Amino acid sequence: MRTPRSGRGRLPAIATITVAAVGMAVLAEYPHVLHATPYTRDSVSALARPPISTGAVAQLEDLSDAFATVAARVKPSVVYITARHEARQVAGEPQGPSIDPSQLPPELRDFFRNMPGMPGNPQSPRGQRRGGTASGSGFVVSPDGYILTNNHVVDGASEVTVRLLDRREFKAKVVGRDPNTDVAVIKIDAKGLTAAALANSDLSRVGEWVLAVGNPLGENLTFTVTQGIISAKGRALALPGQSQHTIQDFIQTDAAINPGNSGGPLVNVHGEVVGINSAIESPTGYNAGYGFAVPINLARAVMGQIIKSGKVERVALGIAVRDASADDAAYVGLDEIRGVLVQDFGDATSPAQKAGIQAGDVIVSIDGKRVDYVAQLQEAIAFRSAGDVATVEVARKGGKRATLRVPLQRVSEAKAATKADDESSNDSARGSSAPALGVKVAPVDAATARQLQLPSEVRGVIVTDVDEGSSASSHLATPETGGPDIILSVEDTAVRTPDELRAALGRVKAGEVVSLRVYNVPSKSKRIERVRVGASK
């Protein structure tokens with residue numbers, strides 16, 4: 001039997017014929033082509049475009065060489081980071097209707113019981129578990145192994161691994177991290193590493209060339225270099241987990257940045273780091289030309305504190321502020337719209353109020369350095385020492401100016417920053433331990449109550465940390481897991497301080513179930529949680 005011949009075998013001939021026919025048609029329409037200069041590569045090039053200036057080529061070659069030189073200089077400092085996250089239960093109140101199935105007619109009970117968030121439903125968010133491995137970037141800042149990256153790259157990681165350009169891998173220790181600036185410092189046990197040079201990011205200008213170096217989209221695209229310019233400075237973004245102490249002063253760039261670039265360097269044409277690539281603005285979640293980097297001057301201040309003490313401490317003027325508007329500028333006689341408006345004071349102890357600053361003042365400079373917006377004010381103040389005196393110039397109604405000296409006050413908040421090693425720390429910002437529950441808590445003082453906009457009757461202890469694997473991990477929420485929660489009472493006994501919480505739990509035997517009255521800040525709702533008590537340590 002003969003195998004039928006496929007028609008596909010004739011296609012090349014048909015294509016050849018078609019091309020030939022088209023060619024003859026062109027020659028017929030343009031007969032002078034038959035007498036054209038014989039085909040050579042040079043003649044076609046000459047007809048297609050004018051000669052290129054050797055000077056222009058030289059300039060392009062110089063620019064190309066500059067990019068290549070910078071990339072070669074920076075890449076040995078860049079690292080690929082993988083962060084492993086243990087699966088854990090997500091704390092928080094189940095989402096869905098507040099309906100008790102037992103109070104429903106029998107024919108409706110199964111329907112409502114199967115809805116997400118209902119008691120007994122295994123698909124309830126309370127029972128969901130999160131885990132896995134994430135990847136990001138970082139860069140070496142010292143020959144002995146200190147590495148800068150983003151907080152969100154290593155936040156919550158149970159294990160961090162660093163890979164160098166030469167493919168060596170190291171387990172890394174998280175030295176410390178600061179959610180309010182999205183900066184973290186990790187360290188590997190290595191010597192003789194190539195440290196990246198750090199620029200003065202205050203001197204960087206919009207329009208300057210920059211390169212972004214990192215590991216976009218995971219394993220297959222490590223140590224990628226992209227190029228762009230600084231598109232803008234002083235940007236703020238609506239990012240999750242912000243607080244009144246969050247500092248946003250992003251450098252914007254159009255250099256391609258994607259998931260996985262986080263923590264990598266943004267460098268200038270001298271090979272110096274001007275920022276840490278941190279975020280993108282995109283409708284798809286991938287590069288759309290709008291990338292954002294933490295200025296290296298801000299990151300350097302945070303890094304210095306973390307390396308020195310493992311944590312970040314802040315000072316403040318004791319004021320509530322916002323960027324000045326056009327009307328604010330006009331009211332105080334400013335020729336341009338700039339400065340920071342003082343809206344209110346933290347409390348009666350506010351050093352700014354005691355020094356004579358008034359609500360409605362517009363701060364225009366700190367220690368003689370111009371202040372245009374809130375992030376600049378924060379950076380000028382936040383990382384100094386408690387007791388330092390800042391010279392604050394303010395503009396007032398009718399163009400009056402006043403210069404005041406304000407002693408700086410240490411910031412007190414439930415969770416200003418996070419120290420990596422909980423066991424070796426007495427960091428009050430993390431809170432005081434209540435081992436019987438496996439939590440850390442802090443008292444709700446007046447400033448915290450005002451910040452969280454708590455009703456006057458809501459007073460207790462705020463949950464700042466929950467031990468993984470503790471019975472409370474599926475009952476109580478921290479700011480990162482749907483909270484914070486505030487414990488109001490234990491077995492109907494009100495608790496206002498960590499000591500009162502420990503005392504109330506001390507009256508319950510290990511292994512027994514205790515009833516907690518809890519208030520959830522984001523949802524502004526109260527609930528009952530029953531938690532099995534562990535042994536006090």
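Tutor: Start with E208 and R205, whose side chains meet in a salt bridge at 3.0 Å, N to O. The term needs a side-chain nitrogen of Lys or Arg within 4 Å of a carboxyl oxygen of Asp or Glu. This is a predicted model, so local features need pLDDT of at least 70, side-chain atom pairs count only at pLDDT 80 or more, and totals for chains, interfaces and linings use all residues. Residues are numbered from 1 along each chain as its sequence is written, and side-chain values use heavy atoms, with hydrogens and water left out.

E208 is partly exposed, at 25% relative accessible area. R205 is exposed, at 57%. The cut-offs: buried is under 20% relative accessible area, exposed over 50%, partly exposed in between (1.4 Å probe, protein chains only).

The structure holds 21 salt bridges. Side chains of opposite charge can pair when their charged atoms come close. R163 and E169 form one of these bridges, with the closest N and O atoms 3.0 Å apart. R163 is buried, at 18%. E169 is partly exposed, at 48%.

Now R338 and D372: their salt bridge has its closest N and O atoms 3.6 Å apart. R338 sits in the loop between α7 (326-331) and β16 (340-345), and D372 in the loop between β18 (369-370) and α9 (374-381), so the pair ties together parts 34 residues apart in sequence. Helices (H or I, at least four residues) and strands (E, at least two) are DSSP runs, numbered from the N terminus. R338 is buried, at 12%, and D372 is partly exposed, at 25%. Shared partners join E336, R338, R370 and D372 into one salt-bridge network.

Next, the aromatic rings. There are 2 aromatic pairs. The rule takes rings of Phe, Tyr and Trp (its six-membered ring) with centres within 6.5 Å; planes under 30 degrees apart are stacked, over 60 edge-to-face, the rest tilted.

F67 and W209 pair edge-to-face, at 5.3 Å centre to centre and 70 degrees between the planes. F67 belongs to helix α3 (residues 54-74) and W209 to strand β8 (residues 209-214), so this pair ties together parts 142 residues apart in sequence. W209 is partly exposed, at 35% relative accessibility.

F250 and F292 also pair edge-to-face, at 6.2 Å and 65 degrees. F250 lies in strand β10 (residues 250-253) and F292 in strand β13 (residues 291-295), so that pair ties together parts 42 residues apart in sequence. F250 is buried, at 6%. F292 is buried, at 5%.
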